[in-house]
Amino acid sequence: MTAPANAAAPAADGFPRAERADIGLLLEGTFPYVAGGVSSWVNQIIRGFPDLTFAIAFIGSRREDYGTMKYALPPNVVHFETHYLFERPRVPVVRPLPADPGISEQVGRMHDYFRAPNSHAADAGVFAQLVPELCPGGRLDHDRFLYSVSSWDYIRDSYRRFCTDPSFIDYFWTVRTMHAPVWVLAEIAEAFIPVRAYHTVSTGYAGLLGALLKQRRGRPLVLSEHGIYTKERKIDLFQADWVKDNRNVFQKDPAEIAYFRRMWIRFFEALGRMCYDASDHITALYETNRLRQITDGADAARTRNVPNGVNVARFAPLRSTRPREIPPVLCLIGRVVPIKDIKTFVRAMRIVANRLPEAEGWIAGPEDEDPGYAQECRELAANLGIADKVKFLGFQQMTELLPKVGVGVLSSISEALPLVVLEGYAAGVPAVCTDVGSCRQLIYGLPGEDEALGASGRIVRIADPDGLATAAIELLTQPEAWHAASAAGIARVERYYTQDLMFGAYREIYDAALKAGG
């Protein structure tokens, strides 16, 4: 496969620009502005295919939510552009606009399909019919969404039919806020450079952009989901304090989710379905997530599992640099954000300190994504009297960190197939993980030969500081158990989770997509 000649020229913002590329990568809130996790995987994929050129469309919330790049753009990224969905929008002149009755009817059918897809299966293709009308001058452009009489009528009638929240004002602005990015994405799709295939690394807004591009340009679309986007957004929305609930105490049913929360959940479910419908190749990291994709609307024939893989050769030499004694260090590697449940790790360290006074807990990851939460974690450690035992290290080089670690810890409330666990295995570090995502598979193996390799650590319940502490202490204080777990982790990652296996799978996917894309 030969990449086309395409010299990238820097634009005024310093980013490379090109006229065309092989793969259009559609990224939402990840690489190159956020470190670790999915971003690390994106960097790995780009560098793993140096014969291909990549054009990246980065989609974020607001410019001020992101700092400087955490990753340098690889040389084969020939085009890079950024877009922010919730910056102050262009405000058109306020004037009544006519709307095409046929378009209004299609919008209604599309929303009915997303509310109850099984009951409205015949309307699955309506979105594709509406895509050409979203751009400026189309029959469903941004101005008509804001100011047409039919748009007002649709919002008003939907409120009367479906809304259980008493505030029409909040309903009106929720609908506008929810839908406004669609027209931003339509403009991005209109202007994006020609590529031979698109690759989105989530559903959500990036997935919707992929669906828009697929419908507009007819090029193949690849979807890779690490976590299931709709599931993760649900977790965020259940915790969000900006989602209003205007019902009084007599109107509230404790078992019922607030209406605006349900609206947002249904919206992201709809985005996921649009992306699934448009995607030619859909990958999950493990079988449970693949089955979840099918349940959420993906065509089973287009799905497959492609586990994460790590560069074992990079980490294997670290095994010989480890001290003879097991370091009494528990290390959580990840962003300091609520979904990683850093507070449970801190509480576990109070228990560890009581039973193993020489032990330390390290948290290696950036704190800038949610500074308020990071401060709460620091304050919790101080209040528990272990500020000297819990060390916030910030971003660290894994090759320098891992030889100093006794046990890797993952206390998350949601994960997919975490790279940090695999990288730890490659360096000989066993892990203690919560029972989320594919962690049970990584610790105990899949039935058969994988399971026979043995346990490469321990699985504990979510939000269980005592269980986490007990499991970690067991490994740190029982050399025979630690060495058995270390050997199992090394064998498992070398057999099932190498980057060569992952690159081979994506080579097949890219070959098929690029061949279909011309």
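Colleague: Why is Lys 391 called partly exposed in this model?

Modeller: The model is a predicted one, and in it Lys 391 has a relative accessible area of 32%. Buried would require under 20% and exposed over 50%, so Lys 391, at 32%, falls in between and counts as partly exposed.

Colleague: What makes Glu 360 and Lys 391 a salt bridge, and which parts of the chain does the pair tie together?

Modeller: The side chains of Glu 360 and Lys 391 come to 3.1 Å, N to O, and since the limit is 4 Å, the pair qualifies as a salt bridge. Glu 360 belongs to strand E11 (residues 360-364) and Lys 391 to strand E12 (residues 390-392), so the contact ties together parts that are 31 residues apart in sequence.

Colleague: How do you know that Asp 51 and Arg 507 form a salt bridge, and where in the chain do the two residues lie?

Modeller: Their closest N and O atoms are 3.1 Å apart, which is within the 4 Å limit, and the pair is therefore counted. Asp 51 sits in the loop between helix H1 (37-48) and E4, whereas Arg 507 is in helix H20 (residues 499-517), so that distant parts of the chain, 456 residues apart, are linked. Asp 51, at 22% relative accessibility, is partly exposed, and Arg 507, at 27%, is partly exposed as well. The structure holds 26 salt bridges, including the one between Arg 440 and Asp 435, whose closest N and O atoms are 2.9 Å apart.

Colleague: Why is the pair of Tyr 205 and Phe 268 called edge-to-face?

Modeller: By the ring-pair rule the count comes to 28 aromatic pairs. For Tyr 205 and Phe 268 the ring centres are 5.8 Å apart, within the 6.5 Å that pairing requires, and the planes stand at 80°, over the 60 degrees needed, so the pair is edge-to-face. Tyr 205 is in helix H7 and Phe 268 in helix H9, 63 residues apart, and the pair thus links distant parts of the chain.

Colleague: How do you know whether these two residues, Tyr 205 and Phe 268, are buried or exposed?

Modeller: Tyr 205 has 6% relative accessibility and Phe 268 has a relative accessible area of 7%; the cut-off for buried is under 20%, so Tyr 205 and Phe 268 both count as buried.

Colleague: What makes Trp 264 and Phe 267 an edge-to-face pair?

Modeller: Their ring centres lie 6.1 Å apart, again within 6.5 Å, and their planes are at 90°, which is over 60 degrees, so the pair is edge-to-face. Trp 264 and Phe 267 both belong to helix H9, 3 residues apart, about one turn of the helix.

Colleague: What makes Arg 176 a charge that lies over the face of Trp 173?

Modeller: Arg 176 is placed at 5.5 Å from the ring centre of Trp 173, where the distance limit is 6 Å. Trp 173 is also part of a cluster linked by ring pairs, among whose other members are Trp 152, Tyr 159 and Phe 260.

Colleague: How do you know that E3 and E4 pair, and in what order do the strands of the sheet run?

Modeller: Strand E3 (residues 21-28) is joined to strand E4 (residues 54-60) by 6 bridges, where at least two are needed, so the two strands pair, and they run parallel. The open sheet has 7 strands in the order E5-E4-E3-E6-E7-E8-E9.

Conventions. Residues numbered from 1 in each chain as written. Predicted model: local features only at pLDDT ≥ 70, side-chain atom pairs only at ≥ 80, totals over all residues. Heavy atoms only, no water. Helix = DSSP H or I, 4+ residues; strand = E, 2+ residues; numbered from the N terminus. Phe/Tyr/Trp six-rings, centres within 6.5 Å; stacked < 30°, edge-to-face > 60°. Buried < 20%, exposed > 50% of the residue type's maximum accessible area, 1.4 Å probe, protein only. Lys NZ or Arg CZ within 6 Å of the ring centre and 35° of its normal.
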